Amino acid sequence: MKVLLSWLSEFAPFVGTPDEIGDQLSGLGLAVENMVAIGGGLDGIVVARVLDLRPHPDADRIQLVNVDAGDGEALQVCCGAFNMTVGDLVPFATLGTTMPNGMQIGRRKMRGEWSNGMLCSPEEIGLGVDQDGILILEGGHTVGQPVTEALELSPDVLFYLEVNPNRPDAMCVAGVARDLAARQGVPFTRPDPSPQEVGADAAGRVAVEILDKDLCGRFMVRILDGITVGPSPKWMANRLTALGMRPINNVVDASNYVMLELGQPSHTYDLDAVQGGALRARRATEAETVATLDEVVRTLSTKDGVIADGHDTAIGIAGIMGGSSTEISASTTSVVVEMAWWDPMSIASSARRLGLRSEASARFERGADPEVADLAMRRFAELLAETGATLAPGVVDVRGVTPASGTIRVRTSRVNSMLGTDLDRDAIAGLLNSIEFTAEPAGEGGADLDVIVPSFRPDSSTEIDVVEEVARIHGYHRIPRTLPRSAITGGLTPYQADRRVVRTAMVGLGLDEVMPVPFLAPGDLERAGLDPDGVTVTNPLVAEESVMRASLRPGILKTLAYNASHRIHGLGVFEVGHVYRRPAETQTLPEEREHLAVALAGRDAGAAVEVFSALADALDARDYRLVAGTTPGMHPTRTARIEVGGVVVGHVGEVDPGVLEAFGVGERVGWLELDLETLLGLPHGGRPYRSVSRYPSSDIDLAFEVDETTAAADVGSCLTAAAGDLLVDLALFDVFRGAPVADGRRSLAFTLRFQAADRTLTDAEVAEVRQRCIDAVQGSLPATLRG
């Protein structure tokens with residue numbers, strides 16, 4: 001749907017810039033898809049006469065046109081349109097003109113032929129879309145006259161609106177203006193013409209009969225005499241063109257103008273061509289034919305509606321298109337004007353089946369206003385009176401079945417609960433009355449309203465429909481945004497959520513979860529290298545399960561041994577479970593803690609460290625370090641305790657070979673065990689994200705020879721501190737013992753990745769930060785750089 005700001009302004013004194021008005025229309029549910037300034041920026045475009053037409057010698061889709069732009073000289077123009085003839089007047093953009101779209105008109109060659117300007121289409125000068133190519137100017141214009149004077153153009157704004165199918169009232173200028181006036185709080189006024197009535201009464205000259213009252217709810221006709229068929233006034237033609245309709249003649253244009261303005265489609269018949277002096281609304285007979293205005297003979301079915309003459313011959317398809325037999329012609333002197341209301345579903349079905357959709361059918365199938373016909377008829381007569389037509393007295397108005405308009409009870413409490421507003425009854429009534437909904441208090445002193453929906457709003461039939469109208473006119477932008485609260489039936493505590501993250505991370509690393517029995521046999525703790533004095537159960541189910549586990553290690557090692565006995569090696573497993581230790585003197589019950597244990601059969605301590613590193617990333621545990629040390633049951637030189645913020649949370653490394661032998665495990669086992677309650681109780685999460693650098697990174701490798709007692713984590717910490725913000729990744733990729741590394745020492749090899757957020761690092765910058773890292777490690781640890 002297109003509307004002109006100037007046309008809207010004839011209904012109400014609107015205020016605001018076009019942009020502000022566009023925002024208001026969008027807020028009313030009439031989304032502005034585009035907004036175009038027209039009628040301005042046309043300096044340099046003049047009226048020109050076509051002198052000659054000839055083919056382009058080297059292009060089939062271009063012709064050469066000679067035009068006279070007012071100086072008597074023939075100018076050659078290359079043009080891709082072919083709708084002109086010699087003698088036509090056309091808009092011509094002269095050299096140096098800047099078109100409304102910003103294009104500069106200059107002299108240029110097209111396939112070897114010079115073009116000295118441009119002939120303009122309606123779209124190029126802001127008069128709608130291209131229809132037949134170049135705009136042909138009607139009337140006696142002067143060659144060389146500015147096109148703005150010839151066409152009586154003035155600056156205006158054209159809005160392209162998205163009108164949803166449930167808004168038939170917004171398919172006309174008056175409907176859009178009504179909503180906009182309600183939003184701005186300004187008075188809305190529709191035209192109320194009173195054309196003079198002259199001549200014989202219409203009722204004695206034409207009869208109307210409705211044979212299918214469900215198909216046709218209202219059929220009104222009036223007669224106009226003194227018709228002189230000719231061109232429409234320029235102001236009317238310009239408006240029709242801007243809204244995408246091609247001006248035809250004053251009678252047809254007045255019909256289209258009223259439809260665009262008030263939303264009531266109409267059809268005009270040459271009175272002398274209506275046989276039998278009557279019009280009948282009925283269903284078509286099977287295979288009945290009618291020749292429509294587009295000169296196509298169409299075959300109808302019994303589901304289609306037709307208008308027939310007094311001889312019962314179909315002369316038009318109801319609500320879609322008229323017939324050619326009663327078409328307005330140059331000899332027409334009297335016309336019958338039909339304005340009807342047609343059943344929306346019938347019109348929609350026929351339009352789809354026939355593949356014939358018109359501006360009229362688009363309005364009827366949405367639901368036209370059955371009560372606007374009288375006003376639209378008087379408006380039509382007023383427009384034609386400018387060209388000498390007179391309106392005959394009398395109206396032939398026959399009624400069928402139209403939608404009933406009932407009363408809807410609207411509860412103020414319901415409005416406010418649905419919208420989240422605090423409107424009182426009078427405020428709601430004021431909003432509804434502004435769009436011609438009749439809202440009256442329901443009972444004395446009641447808070448509710450009885451609302452009568454106007455005839456032009458068939459889409460509003462329930463209370464919630466009226467609530468939506470209140471929201472539109474009040475303004476969605478004025479309703480506070482709130483998030484509806486729902487009943488909370490349960491949820492995870494932060495600790496439970498973190499525990500799920502731990503399990504997800506372990507599974508993501510390819511580990512299998514195991515759940516050994518939490519009771520151990522006497523001696524299991526000792527075999528695992530742990531304190532044998534565990535908590536015992538007084539009345540165990542079996543003697544072999546009488547000790548409560550103080551560590552997850554014995555149960556997992558039994559699992560590895562069992563799988564190894566079945567020739568399943570290289571397992572990676574984890575368990576989240578509770579361990580039990582003897583209570584402190586002040587406690588009655590044993591101390592119970594939840595732990596995480598990871599066993600990596602066939603892998604070393606480095607693999608276990610990688611698991612912890614991945615878990616730390618998943619939990620975003622910061623400020624952690626590995627400190628070399630010894631733990632009962634763990635390898636004496638391949639174990640470290642894990643500290644987070646200075647708090648010990650567990651240990652990582654390899655299980656002591658003696659322990660593995662005691663449990664019958666024949667492969668090395670990387671081990672990680674954490675006190676989950678302690679770890680998850682420390683600060684974690686809330687990772688500060690930063691944008692990814694667009695610049696390339698630089699990788700270097702550094703290998704240091706260190707004492708066995710020097711932890712790799714200490715070397716990594718030194719590197720991280722020395723590199724600063726330029727370090728984006730650090731990885732230990734090799735641990736080596738043996739010649740040429742001295743006894744009691746080992747080689748630790750790291751990959752460092754440097755990257756800046758705002759630039760590409762130069763070789764000098766990389767070399768400088770590399771040296772800084774080397775100096776930091778060698779200066780603070782017993783380490784030397786390997787060559």
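Here is a walk through the aromatic pairs, a pocket and the cavities of this structure.

Keep in mind that this is a predicted model, where local features need pLDDT of at least 70, side-chain atom pairs count only at pLDDT 80 or more, and totals for chains, interfaces and linings use all residues. Residues are numbered from 1 along each chain as its sequence is written, and side-chain values use heavy atoms, with hydrogens and water left out.

Let's start with the rings. Searching the whole structure turns up five aromatic pairs. Rings of Phe, Tyr and Trp (its six-membered ring) pair if their centres lie within 6.5 Å; planes under 30 degrees apart are called stacked, over 60 edge-to-face, and the rest tilted. Take Phe 11 and Phe 188: their ring centres are 5.9 Å apart and their planes are at 10°, so this pair is stacked. Phe 11 sits in the loop between α1 (5–8) and α2 (18–27), while Phe 188 sits in the loop between α4 (173–184) and β11 (207–210), so the pair ties together parts 177 residues apart in sequence. (Helices, H or I with at least four residues, and strands, E with at least two, are DSSP runs numbered from the N terminus.) Both Phe 11 and Phe 188 are buried; buried means under 20% relative accessible area, exposed over 50%, and partly exposed in between, with a 1.4 Å probe and protein chains only.

Now look at Trp 235 and Tyr 257. Their ring centres are 5.5 Å apart with planes at 90°, so they make an edge-to-face pair. Trp 235 belongs to helix α5 (residues 234–242) and Tyr 257 to helix α6 (residues 250–262), so here the parts tied together are 22 residues apart in sequence. Is Tyr 257 buried or exposed? Tyr 257 is buried, at a relative accessible area of 0%, while Trp 235, at 32% relative accessibility, counts as partly exposed.

On a 1 Å grid over the protein atoms alone, a cavity is a set of points where a 1.4 Å probe fits but cannot get out, a pocket is an open set with protein on both sides within 12 Å along at least five of seven lines, and lining residues have an atom within 4 Å of a point. Grid points are joined across faces, edges and corners, and a volume is the space filled by probe spheres set on the points.

The second largest pocket has a volume of about 920 Å³. Of its 33 lining residues, Val 252, Asn 256, His 267, Leu 293 and Met 321 are the closest to its centre. Helix α6 gives the most to this lining, with four residues.

As for cavities, there are two of 30 Å³ or more. The largest cavity has a volume of about 160 Å³, and among its 15 lining residues is Phe 456, one of those nearest its centre. Domain 1 (2–38 + 158–184) and domain 3 (202–399) both give residues to its lining, so the largest cavity lies between them; the domain bounds come from an automatic or database domain assignment. The second largest cavity has a volume of about 30 Å³, and its lining includes Ser 232, Met 236 and Leu 383.
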